[in-house]
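Hello, here are some notes to read alongside the model. Please have the viewer open as you go through the points.

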Amino acid sequence: TVAALLSLPRPAPEPSPAPVVSVPSEDSERVVLTTDDKLSLVGTWWAPKGKQIAPGALLVHDAAGSRKDLDEYGERLRKMGFAVLSIDLRGHGESAGEDLDWSALDADGRQRAWAFATRDLKAGAEFLRGQKSVHSASLVVIGYGSGCTLAARHAVRDENVRAVAL
């Protein structure tokens, strides 16, 4: 099923660095998560179809991107039977704020923010594991662009990750 997902065309990068407000589809909802270092992250949650327990999929966007870039993947994975969460990483999309906005950071600031984004994936994985409809020991992490590095780092640390797509 992950191979079918990978056959989708790559999403186009956002033309503007300004935060994009994603309008959830009828099959998704906007959620807010809190990281260990008390940052609020905005995500899109696609609950699995049916009443069976589903594997979880965590989608990780590219640097300077947003969760909206991966909406097509989220919807397709849900139709394939996954419970899906896509988050705006710290400083990106709706998770950007006055104190942390990717587009306003210099190179050093971006490097620091990206290094701490591993905490964002941890919060996303904890959210998925906390859903009654998600099989807590069956998580797939899918990275896009620079998000591949974060996905791989998280997979090494999380024993519940069963597959990684980069």
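**Notes on the predicted model**

1. Of the 166 residues of the protein chain, 46% count as buried, where buried is under 20% relative accessible area, exposed is over 50% and partly exposed lies in between (1.4 Å probe, protein chains only). This is a predicted model, so local features need pLDDT of at least 70 and side-chain atom pairs count only at pLDDT 80 or more, while totals for chains, interfaces and linings use all residues. Residues are numbered from 1 along each chain as its sequence is written, and side-chain values use heavy atoms, with hydrogens and water left out.

2. The chain has 5 helices and 6 strands, in the order α-β-β-β-α-β-α-α-β-α-β from the N terminus. Both kinds of element are DSSP runs numbered from the N terminus: helices are H or I with at least four residues, strands E with at least two.

3. Have a look at the hairpin next. Strand E1 (residues 29-34) pairs with strand E2 (residues 40-46) in the antiparallel sense over 6 bridges; pairing requires that DSSP finds at least two bridges between the strands. Val31 has Gly43 in E2 as its bridge partner, and 5 residues separate the two strands.

4. Which residue in the turn has a positive phi? Lys38 does, at about 70°, and Lys38 is exposed, with a relative accessible area of 68%. Most residues other than glycine have a negative phi. Ala64 also has a positive phi of about 70° without being a glycine; it sits in the loop between strand E3 (54-60) and helix H2 (71-79) and is partly exposed at 47% relative accessibility.

5. The largest nonpolar core holds 26 residues, and Trp45 and Leu85 touch the most other members. Such a core is a set of buried Ala, Val, Leu, Ile, Met, Phe, Trp, Tyr and Cys residues joined through side-chain atoms within 4.5 Å. Among the elements that give two or more residues to this core are strand E4 (83-87), helix H3 (107-116) and strand E5 (134-143). The largest share, 4 residues, comes from H4. Leaving out residues up to four places away in sequence, the contacts of Trp45 include Val31, Leu85, Phe127 and Val134. A second, separate core of 12 residues includes Trp46, Leu59, Tyr144 and Ala165.

6. On H2, the buried residues are Asp71, Tyr73, Gly74, Leu77 and Arg78. They lie on the same side of H2 because they cover an arc of only 160° around the axis, taken from the directions from the helix axis to the C-beta atoms. Just after H2, Gly81 takes a positive phi of about 105°.

7. Which residues of H5 are buried? They are Gly147, Cys148, Leu150, Ala151, His154 and Ala155. Viewed down the axis of H5, these buried residues fall within an arc of 160°, so they line one face of the helix. They pack against E3, H3, H4, E5 and strand E6 (161-165), whereas the face of H5 turned away from the buried side carries the exposed residues Val156 and Arg157.

Definitions and conventions
Contact = heavy atoms within 4.5 Å.
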